[in-house]
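Subject: Structure handover

Hello,

Here is the structure I promised to pass on. Please have a look, then read my notes below.

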Amino acid sequence: MSWVEFKNVVKKFSDVTAVNNVSFSIEKNDFFTLLGPSGCGKTTTLRLIAGLEIPDEGKILIADQDVTYKLPKERNVAMVFQNYALYPHMTVKENISYPLVVRKVQRQEIEKRVRFVADSLQIGQLLDRYPQQISGGQQQRVALARAMIQTPSVFLLDEPLSNLDAKLRLEARSFLKHLYTELGTAVVYVTHDQAEAMALSTKIAVMDNGSIRQIGSPKQIYDQPANIFVASFIGNPPMNIVPCKISNGHCLIGEQKFPLQTSWEQEYQDAYLGIRPENIQLDPAHGDLHAQVFVIEPLGVETIITLNVDDHQLKCLVFEDVPFAPGDRIWIKFKREKIHIFDKNGEKVQGRLSS
Ligand SMILES: Nc1ncnc2c1ncn2[C@@H]1O[C@H](COP(=O)(O)OP(=O)(O)OP(=O)(O)O)[C@@H](O)[C@H]1O
Ligand SMILES: [Mg+2]
């Protein structure tokens, strides 16, 4: 049995279906991330696990127990909310120890555990301050400490890094990954930041409009996206998606065409080619398609080059010096095994091997 299970869960708020027949299972050692755009149902899913919402349909299990209709306090979960929600009238120490005080844990035991989590989160020197006397990043660590002081079956974290500036956010991200290895139990994490999801997770569920569009490891989600929604949500810049036709083992983009792998037998009138920016090679003399350099953006380690191909723009990512200038006419070549073809509904299709 899995550690947390969602079985065909539906949650409606009057006419909005926030969670639409969602199923997934999480193992005890998973860092499971719900990733998706604003309003897709991430927080609602987390609140359903916590027991702050009750589903209209379906079942929720935690550690083999059906908790679908159990109260939050009967579920043994710890949640860090989207806005940390520290108690402003309590010191840092009182904030952290609150979950144990409520459970009437012995004072000595509380002291010991506060010391331990405060040390591991490096906030030991802030214990007597009030939330408004510490920085946003410190507040966020206090909120994490308050969750960590408990020993829940599952940690639920709702965009815990969202209020931090870019640099602090990166630091907190590494820290969180380190912390996860020490927690020893499942984390369910919510974010709309694809890089954060990739960096932290063992499993990612990509959500769109109340439904899960794909579940997989970060590598599976990145390398084998099941549909255009997932393909274009992950990666920076995201995957290029270009309308095309597939015929006789060739891909037609506008007036130009190039061969797919020799085994491709499927035909599509309205399809889409997907290719990640790092899988396009540039050449002055030959390739698959003719292109014109539009813009070159050097970013330090890598350079983003925007190309015009007929009426379409493609972004490509190179890690060497760029011997081209805007306006240059060049050739582009697609790494064959990195080409994705999607049908007109945006679902991935495979070429059938000819026998
Ligand atoms: N209590 C509520 N009453 C009515 N509608 C709600 C309620 N909570 C959420 N919704 C709606 O359900 C949908 C999903 O909301 P949810 O908060 O789960 O999204 P989210 O993915 O967490 O978004 P964000 O990234 O903006 O936090 C939205 O359309 C939202 O407006
Ligand atoms: Mg949310």
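Just after helix α1, G51 takes a positive phi of about 90 degrees. The model is predicted, so local features need pLDDT of at least 70 and side-chain atom pairs count only at pLDDT 80 or more, while totals for chains, interfaces and linings use all residues. Residues are numbered from 1 along each chain as its sequence is written, chains are lettered from A and ligands numbered from 1 in the order written, and side-chain values use heavy atoms, without hydrogens and water.

Back to the helix. Buried means under 20% relative accessible area, with a 1.4 Å probe and protein chains only. The buried residues include K42, T44 and T45. L46, L48, I49 and A50 are buried too. Helices are DSSP runs of H or I with at least four residues; strands are E runs of at least two; both are numbered from the N terminus.

Now the strands. β17 spans residues 303–309. Of its 7 residues, 6 are buried, so it too is largely enclosed.

β16 (residues 289–298) runs antiparallel to β17, joined by 6 bridges. Strands pair if DSSP finds at least two bridges between them. V295 has T306 of β17 as its bridge partner. The hairpin leaves 4 residues between the strands, and G300 there has a positive phi near 105 degrees.

β17 also pairs antiparallel with β18 (residues 312–318), over 7 bridges. L307 has L314 of β18 as its bridge partner. This hairpin has 2 residues between the strands, and D310 takes a positive phi near 50 degrees.

Best wishes

Methods
Buried means under 20% relative accessible area, exposed over 50%, partly exposed in between (1.4 Å probe, protein chains only).
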